[in-house]
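Dear colleague,

Please find below the structure that I am handing over to you. My notes on it follow directly after.

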2 protein chains.
Amino acid sequence: MSPPTHVQEVVFAARPVGALVASEVFRLETVPYHLQVGEGEALVQTLYLSIDAGFRAFLDEGTQLTIPLGEVMRGSGVGVVREVGTGSKVAVGDYVYYRPGWRDWGVYKVDTLKVLLLPIGVQLVDYVGALGSSGLSAYIGLTVIGKIKRGETLVVSSAAGAVGHLVCQMGKLLGARVIAIAGSPLKCEVLEREFGVDKALNYKAPTFYDDLKAIGGIDVYFDNVGGEMLDFVMTQMKQFGRIVACGTISRINGKEPPGLRNYMNLIVQSAKIEGFFLHHYAQFYPAALEQISSWLADGKLKRKLNILDGLDKAPQALEDMFTKGFVGKVCVRLAEVDD
Amino acid sequence: MSPPTHVQEVVFAARPVGALVASEVFRLETVPYHLQVGEGEALVQTLYLSIDAGFRAFLDEGTQLTIPLGEVMRGSGVGVVREVGTGSKVAVGDYVYYRPGWRDWGVYKVDTLKVLLLPIGVQLVDYVGALGSSGLSAYIGLTVIGKIKRGETLVVSSAAGAVGHLVCQMGKLLGARVIAIAGSPLKCEVLEREFGVDKALNYKAPTFYDDLKAIGGIDVYFDNVGGEMLDFVMTQMKQFGRIVACGTISRINGKEPPGLRNYMNLIVQSAKIEGFFLHHYAQFYPAALEQISSWLADGKLKRKLNILDGLDKAPQALEDMFTKGFVGKVCVRLAEVDD
């Protein structure tokens with residue numbers, strides 16, 4: 001396939017004030033193709049882009065993740081190599097995992113591209129799902145940070161989400177008793193029926209806090225939301241309990257929830273909150289990918305993908321994560337896989 | 001020495017409302033001696049009682065540490081065995097570490113008494129100081145929870161306090177760069193001059209937050225206060241930083257500080273807050289006691305003791321911890337050691 005005449009990009013045009021309104025924050029641009037492939041570089045066509053709630057943190061000012069206005073929106077994805085420069089260690093036709101940002105074609109340093117294997121039972125789109133940052137966060141968060149053990153009680157917030165629905169399933173595969181927290185009766189039903197959790201609790205139900213107390217103490221809390229729920233959960237941790245702080249959705253869409261008041265309970269229970277930023281744990285990727293691939297191939301880990309077609313769908317998809325929500329992983333498909 | 005005709009006790013008479021006022025909360029009682037030493041029991045005379053800021057947590061309602069009104073105030077100390085029942089594994093004259101509560105004589109199950117050794121260079125009073133819960137908290141917090149490493153930057157709050165002044169010295173002995181936080185220029189001077197910290201910062205100084213930023217990032221924060229300082233420190237943690245949550249003085253004297261808002265930084269830095277309740281780590285006591293005894297005997301760890309004479313001094317000493325403050329450890333002496 002020859003390069004296109006034009007390249008599409010989503011530009012970060014204005015900082016959000018409060019909750020994200022995609023149409024005010026992002027701008028789709030089409031620019032004439034101007035890419036040159038130099039030594040040690042490759043031209044890559046984007047196939048899938050991952051859409052993650054965590055991207056919201058790029059948009060606020062003054063954080064360590066902030067991106068400048070006017071830049072192409074950041075994000076990871078899967079692409080296919082279309083042209084290579086001299087000295088390249090990838091080949092035309094290779095599938096790669098990389099951080100293209102929200103654009104459909106781009107030239108990248110070859111050493112920022114990770115060539116993907118497709119063993120039997122694994123699909124390319126898995127690399128923006130169970131084998132991408134969502135799945136790696138779920139597995140490494142549960143095992144390396146949470147050190148989940150067979151028979152322990154695992155509670156998962158935002159359990160129907162991109163990371164959560166994988167944490168729930170992996171928790172069961174690792175022998176834990178899994179309590180899922182989600183925001184609607186429908187999501188709770190899906191979690192119990194499709195993803196096999198022991199119990200799903202609707203946090204909007206009036207009995208929610210009592211329901212959570214009734215589970216009798218928490219060994220590992222996989223926290224995808226922060227805020228008031230995290231504060232309450234701190235009162236329910238067992239001795240030596242571990243809170244895996246993976247995301248703070250309640251915070252990152254421009255709202256400021258009340259601070260955490262119950263941390264005294266961490267002392268009484270010798271419990272901890274441990275934050276983790278996935279890229280700091282790259283040494284654990286190979287083992288994680290091997291285990292997750294094997295679960296996928298064996299049909300033990302179910303995919304739940306929301307695939308939206310077209311780069312123009314990306315901004316609205318990010319906005320929708322905080323409003324309507326999705327069950328499972330959201331990604332955008334920019335082109336069909338060749339074969 | 002024969003048993004006394006009367007026993008003195010400090011009774012927990014009324015729950016404090018807000019800050020502790022000792023005269024409203026405690027009542028000294030003198031009751032006729034009525035103790036009977038049964039099988040497997042021993043009569044023990046109290047010599048020293050430890051006075052700890054953490055005791056404040058016993059007095060509030062509805063916590064896991066709450067004690068009922070009308071009971072003798074709880075607390076640990078050092079005593080001497082004066083009489084033993086049949087089948088006892090301790091002998092008259094043995095010095096013991098135990099939890100007598102605030103009373104001058106008592107009968108205890110022998111298996112709740114830990115017989116103390118006094119190697120050369122170790123004093124009996126050390127068992128309510130560097131070899132008691134303060135020293136064990138300092139050493140186990142630094143090594144087992146904080147996993148401090150040579151060359152790392154350690155920040156200690158309430159650094160002139162019972163635990164803090166030991167953490168500072170142990171931090172230096174373990175090869176860390178130690179930054180102490182205290183509440184007066186005098187305390188800061190003592191910390192730098194007597195306890196050898198690299199830098200002491202006065203948190204009441206207008207430049208405090210800038211001073212703390214200027215140290216260039218924190219590997220381990222030994223937190224004795226919680227509250228706003230903990231919240232700020234979370235913005236200054238280095239990657240894989242560890243916050244050892246040992247006490248929350250800002251909370252436990254009846255004030256409600258603002259909650260923690262900066263925990264998102266824990267995620268970005270893959271950092272953690274780990275609470276620890278000393279009694280959950282009893283397996284580490286023997287090694288800790290050996291190391292601390294050796295430092296004491298070698299003169300490498302300096303004692304700083306405030307010894308008050310008389311059981312009647314205990315209530316006011318606890319109140320004073322939250323108001324005037326002390327440099328070093330506070331204890332009450334009930335009787336002189338025989339020899």
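In this predicted model, strand β13(A) is joined by three bridges to strand β13 of chain B, residues 272-275, and the two strands run antiparallel. Within this pairing, E274(A) stands opposite K272(B), a residue of β13(B).

The contact between the chains may be described as follows. On the side of chain A, 37 residues are in contact with chain B, and chain B likewise contributes 37 residues. About 3100 Å² of area is buried between chain A and chain B, and carbon and sulfur atoms account for 56% of this. In chain A, the residues that lose the most area to chain B are R261(A), Y263(A) and I267(A); together they make up 21% of what that side buries.

As to polar interactions, 14 residue pairs are in polar contact between chain A and chain B, counting pairs with both residues at pLDDT 80 or more.

Several elements of chain A give two or more residues to the side that touches chain B: α6 (227-233), β12 (237-245), α7 (249-252), α8 (264-268) and β13 (272-275). Of these, α8(A) gives the most, with five residues. Sorted by class, the side of chain A that touches chain B holds 20 nonpolar, 12 polar and five charged residues.

With kind regards

Note on methods
Residues are numbered from 1 along each chain as its sequence is written. Chains are lettered from A and ligands numbered from 1 in the order in which they are written. This is a predicted model: local features need pLDDT of at least 70, side-chain atom pairs count only at pLDDT 80 or more; totals for chains, interfaces and linings use all residues. Side-chain values use heavy atoms; hydrogens and water are left out. Contact means heavy atoms within 4.5 Å. Buried area is the accessible area (1.4 Å probe) that two parts lose on being put together, summed over both. A polar contact is a pair of N or O atoms within 3.5 Å; within protein, one must be able to donate a hydrogen and the other to accept it, and residues adjacent in sequence count only if both atoms are side-chain atoms. Helices (H or I, at least four residues) and strands (E, at least two) are DSSP runs, numbered from the N terminus. Ala, Val, Leu, Ile, Met, Phe, Trp, Tyr, Cys and Pro count as nonpolar, Asp, Glu, Lys and Arg as charged, and the others, Gly among them, as polar. Two strands pair if DSSP finds at least two bridges between them.
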